[in-house]
Amino acid sequence: MHIWVDADACPRSIKEILYRAAGRVKLPLTLVANHSLQVPPSPLISAVQVSSGFDVADNYIVQHCAPGDLVITQDIPLAAEVIDAGAIAINPRGATYSRENIRQRLAMRDFMEEMRSTGQASGGPPPLDNTDKTAFANALDRILAQRTSR
């Protein structure tokens, strides 16, 4: 298993949880972003800077992830693509994307995007709080425990 992070919008607190987890379970962790990233010195942790542009980081992750890899992303279309490729996807709030729920999440995303474009809705999700961080850490631990129990 390799852990991939859609790092452009990933909160620092989530990255820190991931750094610790990668070290603890000895898994490679790659952060992908269209800007330079500072990562802790570790042979397990790397950062890839891709060029700017629509979905460039997402496309890199899709091209490089393999079945059984874990992808951390808030981007629902990216989650759908990596699930189709056989990877596991969770968001920084700890929600697991799956074949069973991804189509519904895509439909809701599209609906909310349409509502925002017509001015009937504004803004995005609330800021990450401690409950979200705990939910993420718990979801990550569950996935990593399943991996190590095989």
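Tutor: Let's start with a definition: a residue is buried under 20% relative accessible area, exposed over 50%, and partly exposed in between (1.4 Å probe, protein chains only). Before we use it, note that this is a predicted model, where local features need pLDDT of at least 70, side-chain atom pairs count only at pLDDT 80 or more, and totals for chains, interfaces and linings use all residues. Residues are numbered from 1 along each chain as its sequence is written, and side-chain values use heavy atoms, with hydrogens and water left out.

Student: OK, let me try that on M1. Which class does M1 fall into, and why?

Tutor: M1 counts as partly exposed, because its relative accessibility is 25%. You'll find M1 in the segment before β1 (3–6). Helices (H or I, at least four residues) and strands (E, at least two) are DSSP runs, numbered from the N terminus.

Student: What does M1 touch?

Tutor: Contact means heavy atoms within 4.5 Å. Not counting residues up to four places away in sequence, M1 touches L27, P28, G68, D69, L70, I88, I143, L144 and R147. Also look at P67: 66 residues separate M1 and P67 in sequence, while their C-alpha atoms are 8.4 Å apart in space.

Student: Now helices. How do I describe a packed pair?

Tutor: You give the angle between their axes and the distance between the axes. The axes are lines fitted to C-alpha atoms, for helices over the stretch in contact, with angles from 0 to 180 degrees between N-to-C directions. Here, α2 (residues 56–64) and α3 (residues 76–84) pack at about 10°, and their axes are 9 Å apart.

Student: How are α2 and α3 oriented to each other?

Tutor: Angles under 35 degrees count as roughly parallel, over 145 as roughly antiparallel, 65 to 115 as roughly perpendicular and the rest as oblique. So α2 and α3 are roughly parallel to each other.

Student: Which residues of α2 and α3 meet?

Tutor: On the α2 side they are D58, I61 and V62, and on the α3 side L78, E81 and V82. The residues of this contact of α2 with α3 divide into 4 nonpolar, no polar and 2 charged. Here Ala, Val, Leu, Ile, Met, Phe, Trp, Tyr, Cys and Pro count as nonpolar, Asp, Glu, Lys and Arg as charged, and the others, Gly among them, as polar.

Student: Which residues of α3 are buried?

Tutor: I76, L78, A79, A80, V82 and I83. Now look at both ends of α3. At the N-terminal end D75 is the cap, with a side-chain oxygen 2.8 Å from the backbone nitrogen of L78. After α3 comes G86, with a positive phi near 95°.

Student: How should I read a positive phi?

Tutor: Most residues other than glycine have a negative phi. K26 is not a glycine, yet its phi is positive, about 60°. K26 is in the loop between α1 (12–25) and β2 (29–33), and counts as exposed because its relative accessibility is 59%. D55 is another non-glycine with a positive phi, about 65°. It lies in the loop between β3 (45–49) and α2, and is partly exposed because its relative accessible area is 29%.

Student: And polar contacts?

Tutor: A polar contact is a pair of N or O atoms within 3.5 Å; within protein, one must be able to donate a hydrogen and the other to accept it, and residues adjacent in sequence count only if both atoms are side-chain atoms. Take T30 in strand β2, which is buried because its relative accessibility is 5%. Its side chain makes polar contacts with the side chains of H2 at 2.6 Å and S46 at 3.2 Å.

Student: Where is T73, and what does its side chain reach?

Tutor: T73 is in the loop between β4 (70–72) and α3, and its side chain reaches the backbone nitrogen of D75 at 2.9 Å. T73 counts as buried because its relative accessibility is 1%. Beyond four places in sequence, T73 touches D6, L78, A79, I90, N91, P92 and Y97.
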